[in-house]
Amino acid sequence: MKKLILPVFAALALGITSCGGPSIEDVKVADIKDACGCSDAVKTVSDVMVVEAEKHGFDEAKIKADAASKKVMDAADAKIMEVMKKCTEELKIENEAMKKCPSFKELEANMKKFENM
């Protein structure tokens, strides 16, 4: 079974880094209306961050040294701040509400990948 699953995951990872994968531009802050919209938006941005970090083995110094990667990560940070401002200040959504959304588990998994950086 592992032999069948690993190539699928590899193909998905390549798809994320190519033209068909998620991008920061996919996140339209104005379209966020609820807690799950917030969770989905942050998860999408974190997916982009994970792909970028994986290129450098989650090594923060290498990410910062690569101008293109640093630009992506800075844009991702800015987008997350924009999303969270809308969610917490405008929509008054609390983290507990986001935790109930289907995308939150994937978001948590992405966050864990960055814990040791």
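I noted first that buried means under 20% relative accessible area, exposed over 50%, and partly exposed in between, with a 1.4 Å probe and protein chains only. The model I am reading is predicted, so local features need pLDDT of at least 70 and side-chain atom pairs count only at pLDDT 80 or more, while totals for chains, interfaces and linings use all residues. Residues are numbered from 1 along each chain as its sequence is written, and side-chain values use heavy atoms, with hydrogens and water left out.

Entry on Ser 69. I looked up Ser 69 and found it in helix 4, where helices are DSSP runs (H or I, at least four residues) numbered from the N terminus. Ser 69 has a relative accessible area of 1% and is therefore buried. Its side chain is joined to that of His 56 by a polar contact of 2.8 Å, the term standing for a pair of N or O atoms within 3.5 Å, one able to donate a hydrogen and the other to accept it, where residues adjacent in sequence count only if both atoms are side-chain atoms.

Entry on the core. I then turned to the largest nonpolar core, which has 23 residues; such a core is a set of buried Ala, Val, Leu, Ile, Met, Phe, Trp, Tyr and Cys residues joined through side-chain atoms within 4.5 Å. Helix 2 (35–54), helix 4 (67–90) and helix 6 (102–114) each give two or more residues to this core, and helix 2 supplies the largest share, eight residues. Val 45 is among the residues with the most contacts inside the core.
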